[in-house]
Amino acid sequence: MTSLARKTTASGKLRRTKGVNTALLFIFLIYSFLPLFYLIVSSTKSNAELFSTFGLWFTSSFHLFSNVQEVFTHDGGIYLTWLWNTAYYTVLSAVGATFLATIAGYSFAKFRFRGRTLLFALVLGSIMIPQTALAIPLYLLLSKMALVNTPLAFILPSLVFPFGVYLMRVYAEQSIPDELLDAARVDGAGEFRIFFKVALRILAPGFVTVLLFAFVFTWNNYFLPLIVLSDPKLYTITVGLALWNSQASAGGGAQALFPLIITGSLLGIVPIIAAFLFLQRFWQGGLTFGSLK
Amino acid sequence: MTSRVPPAEDRSKRSEGASAAPRGRRRVLHAGIPYVFILPFMLWFLVFLVLPLVYALGLSVFETRLVGGNAFVGLDNYTRAFGDANFWEGVRRMVVFGIFQVPIMLGMALAFALVLDSGTIWLRSLFRLGFYLPYAVPSVVAALIWGYLYGPSFGPFTQLAELLNFPTPNFLSDRLMLASIANIVTWEFTGYNMIIMYAALQSLPAELDDAGAVDGAKGWQIALYIKVPMIRSAIFLTVIFSIIGTLQLFNEPQVMYAIAPQVIRDHYTPNLYAYTLAFTNQQYNYSAAISFVLGAVVVVFSYTFMLLTNRGELRSR
């Protein structure tokens with residue numbers, strides 16, 4: 001009887017703790033969603049309604065489709081070009097960067113070779129370099145190579161993802177048993193074959209993690225495309241939206257560009273959030289970095 | 001195939017050693033293979049990271065003159081940078097920013113990660129996903145949305161304040177701008193840092209909770225005294241990233257610059273200043289020097305932190 005009573009108090013206490021914790025986290029969840037909710041609400045409003053109605057709730061009229069249409073047709077449909085550019089730059093960069101990072105990270109994790117510690121320290125140290133320290137000389141170098149203002153000016157530097165190498169090294173160290181590689185070697189498999197047929201399969205969750213990071217990082221990158229691309233036809237979503245924003249602000253704040261920026265922002269984050277939600281089930285496995293749980 | 005079967009006695013020796021030696025320590029079977037594997041990355045790394053740096057270093061010791069082209073000026077640009085009030089104003093601003101914003105953000109991230117990990121919560125995956133979602137939003141878009149939310153003309157906070165007859169807060173004023181930007185950064189990165197800590201917590205053995213409970217420790221005591229020290233390398237990583245990110249802040253203030261140019265000005269952050277110098281004033285040489293001094297400031301702060309915590313997890317990994 002006593003043990004039963006104790007059990008009920010314990011579970012009651014646990015439920016109370018759960019309630020308090022859930023409530024606390026809920027506050028932060030509202031904070032996290034608030035700007036996105038505002039974005040969705042605002043994208044259904046006309047320019048006049050943005051000023052005249054309460055920002056955090058819908059109005060009776062629904063202007064989403066006309067706003068979307070306006071975004072897609074403004075300035076000869078330049079937004080669609082930006083969307084396409086971003087997708088194309090991002091997919092190429094993210095896949096390439098992830099592949100380079102995976103094979104390098106695997107090598108750092110599973111081989112011992114002369115210069116390994118030094119090279120890895122160099123790669124890791126590069127994370128600390130300020131963007132500008134790189135971006136300005138990169139711009140000058142790329143202009144010497146006649147690459148400035150071409151898609152390659154953004155894609156080629158985006159293939160270097162040192163943080164990805166770090167993640168893949170940790171992941172490979174924890175997830176690939178040396179014994180497995182040795183067994184494959186005993187069976188007579190070459191190192192390339194082992195990497196592609198054995199290691200890459202085990203590394204798949206880590207690969208997806210790094211891919212997601214690289215994807216988000218490139219899609220959201222602003223500084224590099226801002227510097228190396230000057231033709232609006234080559235812009236990415238982020239640079240394009242910032243351009244509209246400065247045009248709207250320069251126009252005294254009363255221009256009809258506001259619905260464009262708001263709806264354009266919403267449309268610009270839909271693909272990245274979709275990719276994120278789609279990949280997150282792989283990614284959750286990946287982020288625990290091969291823990292055996 | 002090029003692979004060679006190691007002699008039997010070699011293998012037995014290796015597996016003996018493997019149990020005692022740390023993981024990852026292994027015999028080189030083919031001296032060339034690891035280099036072939038890291039070559040593509042290192043090549044890119046060299047061309048698009050090391051080369052620009054070397055080039056910038058070269059730039060920073062020259063000066064472009066209207067007459068006579070480039071002239072070697074030695075450390076002149078650096079001397080100028082060290083005495084440049086605009087630059088140090090930006091650094092000072094970012095230090096103030098970091099002293100408040102980084103502990104708040106990482107403190108919340110750690111608390112949320114511990115709660116999520118403890119399992120004393122409902123809807124765990126909703127929170128995990130919801131908190132991380134802002135990180136997927138481009139910082140430009142985040143700054144734009146918050147800019148509208150803050151806005152004095154149709155921002156909902158202003159609307160609410162007017163409705164309730166409160167004084168309208170001017171989030172974009174000189175006094176509040178830094179806090180307003182800090183809020184955007186906190187919104188963007190709390191979930192990201194939480195995920196890094198949460199992943200580290202998830203990789204701890206489950207027996208920790210049971211062992212702690214047997215010893216009579218409460219849930220929060222296990223969390224604070226056992227788990228937090230065990231994930232210190234993950235926490236360390238988030239602090240270093242935050243220091244670097246803070247000193248390099250650019251996107252958010254740059255977007256705010258378009259909205260409130262009188263408040264932000266062109267040297268609000270050191271990075272914004274370097275950008276203005278290079279792309280508005282065409283002073284590439286001086287801008288390169290500024291970037292290097294900023295890099296040095298980042299290294300000094302990161303290193304000080306490493307020394308203070310008295311360990312070099314980053315290096316030993």
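Ala146(A) lies in the loop that joins helix 5 (131-144) to helix 6 (151-158) of chain A, where helices (H or I, at least four residues) and strands (E, at least two) are DSSP runs, numbered from the N terminus. Ala146(A) has a positive phi of about 55° although it is not a glycine. Most residues other than glycine have a negative phi. Ala146(A) counts as exposed, because it has 9 C-beta neighbours inside 10 Å; a residue is buried if 20 or more other C-beta atoms lie within 10 Å of its own, exposed if 12 or fewer, and partly exposed in between, with C-beta atoms placed from the backbone.

This is a predicted model, in which local features need pLDDT of at least 70 and side-chain atom pairs count only at pLDDT 80 or more, while totals for chains, interfaces and linings use all residues. Residues are numbered from 1 along each chain as its sequence is written, and chains are lettered from A and ligands numbered from 1 in the order in which they are written.

Chain A as a whole has 13 helices and zero strands, and 45% of its 293 residues count as buried. Within helix 4 (residues 116-125) of chain A, the buried residues are Leu119(A), Phe120(A) and Val123(A). Because these residues cover an arc of only 95° around the axis, they are on the same side of helix 4 of chain A, the arc being that of the directions from the helix axis to the C-beta atoms. An α-helix has 3.6 residues a turn, so residues three or four places apart point the same way. The cover over the buried residues of helix 4 of chain A includes helix 3 (64-110) and helix 7 (162-175) of chain A, together with helix 2 of chain B.

Chain B itself has 16 helices and two strands, and 42% of its 317 residues count as buried. One of its buried residues is Ile264(B), with 22 other C-beta atoms within 10 Å, and the place of Ile264(B) is in helix 13 (residues 261-264) of chain B. The C-alpha atoms of Ile264(B) and Asp174(B) are separated by 8.0 Å, although the two residues are 90 residues apart along the chain. Leaving aside its neighbours within four places in sequence, Ile264(B) is in contact with Met177(B), Pro253(B), Met256(B) and Tyr257(B).

Arg265(B), found in the loop between helix 13 and helix 14 (270-279) of chain B, has a positive phi of about 55° although it is not a glycine. With 16 C-beta neighbours inside 10 Å, Arg265(B) counts as partly exposed.

Conventions:
Contact = placed C-beta atoms within 7 Å.
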